[in-house]
Amino acid sequence: DQMNQGICDAAMVITKVQENRKEKVQLWLNTQGGFREITFVMIAISTLLENKYIKVRDIVSVQYQDSQDSMLKRQLHTYKILNFVSGMNEFLRYGRVDQLKEYYNGKNDSPEMPIIDEMEGFAEALQICDTRKIEETVEKLGEEIKKYEESAERSSEFFSIFLDEVKKQYG
């Protein structure tokens, strides 16, 4: 289909631009205007480019106001929710935490970090097929989930939704 071809072509052009530059290409996405699917197209292109280590620097739209002055509204945090969801799916499907670690990079004080750390221990034990360590980390993971659920410091409803699935799969 033409849309898919256009997405691939755009990703290839940006990749070639990156190859011919010494500094990293930084993408700024503007979600204002264009055809209805433009936001999905930009997300698809930027996701393809992440595999080439070309990252989205920011995503903006214009927030119109009654007066002549309008403001840019930053939306990168909303875009990164997709990375979080992908990371949770990665853990639930494959027992890996690479995307979750990337999503929580720099958020070491986040109340979710003890759970992410236990998920990482589980992932490592799974990769080397250490059954004793797998059992230990599943138990510790369950303890951290319980602490998180009993805590008033929960910072993400998204995280809570996925914890239900983690508990179903890992006990």
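This is a predicted model: local features need pLDDT of at least 70, side-chain atom pairs count only at pLDDT 80 or more; totals for chains, interfaces and linings use all residues.
Side chains of opposite charge can pair when their charged atoms come close. The structure holds 10 salt bridges, and the stops below visit some of them.

**Stop one.** Select Arg21 and Glu23. These two residues form a salt bridge, with 2.7 Å between the closest N and O atoms. Colour the pair by accessibility: Arg21 is partly exposed, with a relative accessibility of 39%, and Glu23 is also partly exposed, at 46%.

**Stop two.** Select Lys55 and Glu102. Their closest N and O atoms are 3.3 Å apart, in a salt bridge. Lys55 sits in the loop between helix H2 (38–50) and strand S2 (56–63), while Glu102 belongs to helix H4 (residues 98–103), so this pair ties together parts that lie 47 residues apart in sequence. Lys55 counts as partly exposed, with 37% relative accessibility. Glu102 is partly exposed too, with a relative accessible area of 48%.

**Stop three.** Select helix H6 (residues 131–150), then pick out Glu144 and Lys147 within this helix. The two residues are three apart, about one turn of the helix. Their side chains meet in a salt bridge, at 3.4 Å from N to O. Is Glu144 buried or exposed? Glu144 has a relative accessible area of 18%, and buried means under 20%, so Glu144 counts as buried.

**Stop four.** Select Lys101, Asp117 and Glu120 together. Salt bridges link these three residues in a network.

Terms used
Residues are numbered from 1 along each chain as its sequence is written. Side-chain values use heavy atoms; hydrogens and water are left out. A salt bridge is a side-chain nitrogen of Lys or Arg within 4 Å of a carboxyl oxygen of Asp or Glu. Buried means under 20% relative accessible area, exposed over 50%, partly exposed in between (1.4 Å probe, protein chains only). Helices (H or I, at least four residues) and strands (E, at least two) are DSSP runs, numbered from the N terminus.
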